[in-house]
Amino acid sequence: MADVTFDNGKLSTLYVHELWWLSSSLIRKAEYLFEEAKTPESGYLLQVSPELHSVIASILADAANIKKMLVTPSAKLNGESGGQSRLRKERANRLKALIGDVELKEILNHKVRNTLEHFDEYIDEANVKLSKAKTPPSPMAAYNMILSHWEVTNPPVYPVRVYISSEKMFYNLKWKVNIGLLYEEAMAIIGELKKVPGLDQEEGPGGLMLRLDGPNA
């Protein structure tokens with residue numbers, strides 16, 4: 001039986017819409033974060049905000065899922081058929097071609113996913129090192145905090161989930177992610193997708209009803 005491809009699959013239309021939806025989701029959450037994480041015109045501001053850190057975690061999840069749509073291993077995955085493997089690699093290549101020359105420096109960075117998936121391991125590692133250190137890197141650690149600037153404290157805190165609003169940067173133990181750059185890259189993806197015939201008139205990814213009982217394209 002012939003392979004299902006990017007062009008003839010009954011659900012293949014969803015690939016582009018999923019990339020659009022993930023990018024739109026990231027943009028919407030980032031704009032909310034930029035609005036709520038305050039940077040005063042003068043002086044410094046500290047906010048305790050588990051809610052905004054949940055938003056940041058969701059932004060990082062969207063970015064990691066965008067990467068999975070565009071970049072995929074060449075080897076066959078566990079439990080995957082040959083046809084699925086070929087379709088997965090074709091899908092990633094076709095979506096990358098659709099967004100053209102957009103540079104995705106931050107979205108494709110492995111640290112975005114690492115900060116989500118391995119936080120427990122990293123906090124164990126940091127806990128051991130800090131507890132044994134003769135001189136800690138800072139007198140204070142900060143968790144689920146929003147700081148307008150590092151200078152909110154002197155010396156600066158040791159970051160365990162800290163967002164610096166003036167930089168639009170998220171710091172998580174030994175990792176840092178530029179949320180402002182994730183936002184710009186997601187905007188660039190949508191800019192390219194809107195050039196695709198049939199999508200150029202759409203306001204957003206929306207929803208679809210797809211026929212499954214007709215012939216393949």
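**Notebook: rings and a helix**

I looked up Tyr 122 and Trp 175 to begin with, and both are buried (under 20% relative accessible area; exposed is over 50%, partly exposed is in between, with a 1.4 Å probe and protein chains only). This is a predicted model, where local features need pLDDT of at least 70, side-chain atom pairs count only at pLDDT 80 or more, and totals for chains, interfaces and linings use all residues. Residues are numbered from 1 along each chain as its sequence is written, and side-chain values use heavy atoms, leaving out hydrogens and water.

Next, the aromatic pairs: I found four in the structure. Rings of Phe, Tyr and Trp (its six-membered ring) pair if their centres lie within 6.5 Å; planes under 30 degrees apart are stacked, over 60 edge-to-face, the rest tilted.

Phe 34 and Tyr 183 make an edge-to-face pair, with 5.5 Å between centres and 80° between planes. They sit 149 residues apart, Phe 34 in helix α1 (residues 13-36) and Tyr 183 in helix α6. Helices (H or I, at least four residues) and strands (E, at least two) are DSSP runs, numbered from the N terminus. Phe 34 is partly exposed at 22% relative accessible area, while Tyr 183 is buried at 18%.

Back to Tyr 122 and Trp 175: their planes are at 50° and their ring centres 5.5 Å apart, so I noted the pair as tilted. Tyr 122 belongs to helix α5 and Trp 175 to strand β5, 53 residues apart.

Then I checked charges over rings (NZ of Lys or CZ of Arg within 6 Å of the ring centre and within 35 degrees of the ring normal). Lys 168 lies over the face of Phe 34, 4.5 Å from the ring centre. Arg 161 has its charged end over the ring of Phe 119, 4.3 Å from the centre.
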